Amino acid sequence: VDPCAGVGTIPIEACRAWPNSHYIAGDILSENVQKARDNVIHAGATGVDVIQWSAKKFPLLRASCVDKIISDLPFGVRSGSFSKNQSLYYHLFRNMNHIVKEGGIAVLLTHERGLITRRVRDNKCWEMVGAHEIDMSGLKVVIYVLHKR
């Protein structure tokens with residue numbers, strides 16, 4: 001599941017690498033959802049479903065039904081803000097707790113180091129097993145690897 005999928009790049013590439021799995025791409029913006037659907041069709045990524053939703057709530061996903069979450073989360077730089085991300089990340093973690101199986105993994109790319117660190121610290125369901133800083137065109141971001149207990 002990519003809860004902040006934008007135009008669907010991560011689920012499409014995952015589908016190309018592991019075609020026998022099922023992927024869900026969700027985004028709040030209708031224009032992103034349409035572009036993601038177009039990209040899925042163009043890529044022939046038949047294992048990807050695209051849904052419009054808010055990452056604050058994942059509709060239709062039952063408890064413990066997801067093995068992995070991978071997402072390039074909003075940074076609050078080009079769009080959004082720190083205060084919006086505080087709320088988003090809080091709800092995102094709450095929903096990840098619900099849908100990810102015990103032993104599952106979340107891989108999250110973000111610029112919001114403090115928010116992720118706080119969410120993991122305050123949330124006993126997740127353990128940080130990796131944090132890898134990278135440079136994205138001059139912006140220092142971190143890829144967090146989390147394990148669900």
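This report covers the fold, the nonpolar cores and selected residues of one predicted protein model.

## Basis of the model

The model is predicted: local features need pLDDT of at least 70, side-chain atom pairs count only at pLDDT 80 or more, and totals for chains, interfaces and linings use all residues. Residues are numbered from 1 along each chain as its sequence is written, and side-chain values use heavy atoms, with hydrogens and water left out.

## Fold and dimensions

The protein chain holds four helices and six strands. Helices (H or I, at least four residues) and strands (E, at least two) are DSSP runs, numbered from the N terminus. Read from the N terminus, the order is α-β-α-β-β-α-β-α-β-β. The radius of gyration is 15 Å, close to the 15 Å of the globule rule for 149 residues, so the chain is as compact as a globular protein of that length. That radius is taken over C-alpha atoms, and the rule is 2.2 Å times the number of residues to the power 0.38.

Along the principal axes, the C-alpha atoms fill a box of roughly 40 × 35 × 25 Å. Contact means heavy atoms within 4.5 Å. Take the contacts between residues at least 6 apart in sequence: 68% of them join residues at least 24 apart.

## Surface and charge

Of the 149 residues, 42% count as buried. The classes rest on relative accessible area: buried is under 20%, exposed is over 50%, and partly exposed is in between (1.4 Å probe, protein chains only). The accessible surface of the chain comes to about 8200 Å². Carbon and sulfur atoms own 53% of that surface. Areas come from the Shrake-Rupley method with a 1.4 Å probe; for residues, only the protein chains shown count as cover.

The chain carries 19 positive and 14 negative charges, and their mean positions are 6 Å apart. Lys and Arg count as positive, Asp and Glu as negative; His and the chain ends are not counted. Each charge is placed at NZ of Lys, CZ of Arg, CG of Asp or CD of Glu.

## Nonpolar cores

A nonpolar core is a set of buried Ala, Val, Leu, Ile, Met, Phe, Trp, Tyr and Cys residues joined through side-chain atoms within 4.5 Å. The largest one has 26 residues. Ile69, Phe93, Met96, Leu108, Ile116 and Leu146 have the most contacts inside this core. Two or more residues each come from strand 3 (66–72), helix 3 (82–99), strand 4 (100–110), helix 4 (113–122) and strand 6 (139–148). Helix 3 gives the largest share, six residues.

A second, separate core has twelve residues, including Ala14, Tyr23, Val33 and Ala36. Back in the largest core, Ile116 touches Leu73, Tyr89, Phe93, Leu108, Thr110, Met128 and Tyr144, with residues up to four places away in sequence not counted.

Thr117 lies in helix 4. Thr117 is partly exposed, at 40% relative accessibility. Beyond four places in sequence, Thr117 touches Met128 and Tyr144. Thr117 and Tyr144 are 27 residues apart in sequence, and their C-alpha atoms are 9.4 Å apart.

Asn123 sits in the loop between helix 4 and strand 5. At 12% relative accessibility, Asn123 counts as buried. Its contacts beyond four places in sequence are Phe93 and Asn97.

## Gly6 and Asn32

Gly6 is in the segment before helix 1 (9–17). Gly6 is buried, with a relative accessible area of 18%. Outside four places in sequence, Gly6 touches Gly26, Asp27, Asn32, Val33 and Ala36. Two of these partners, Val33 and Ala36, are members of the second core. Gly6 and Asp72 are 66 residues apart in sequence and 8.7 Å apart in space, C-alpha to C-alpha.

Asn32 lies in helix 2 (residues 30–43). Asn32 is buried too, with a relative accessible area of 16%. Neighbours within four places aside, Asn32 is in contact with Gly6, Val7 and Asp27.

## Positive phi in two serines

Ser64 has a positive phi of about 55° although it is not a glycine. Ser64 lies in the loop between strand 2 (48–52) and strand 3. At 41% relative accessibility, Ser64 counts as partly exposed.

Ser137 also has a positive phi, near 55°. Its place is the loop between strand 5 (126–136) and strand 6. Ser137 is exposed, at 82% relative accessibility.
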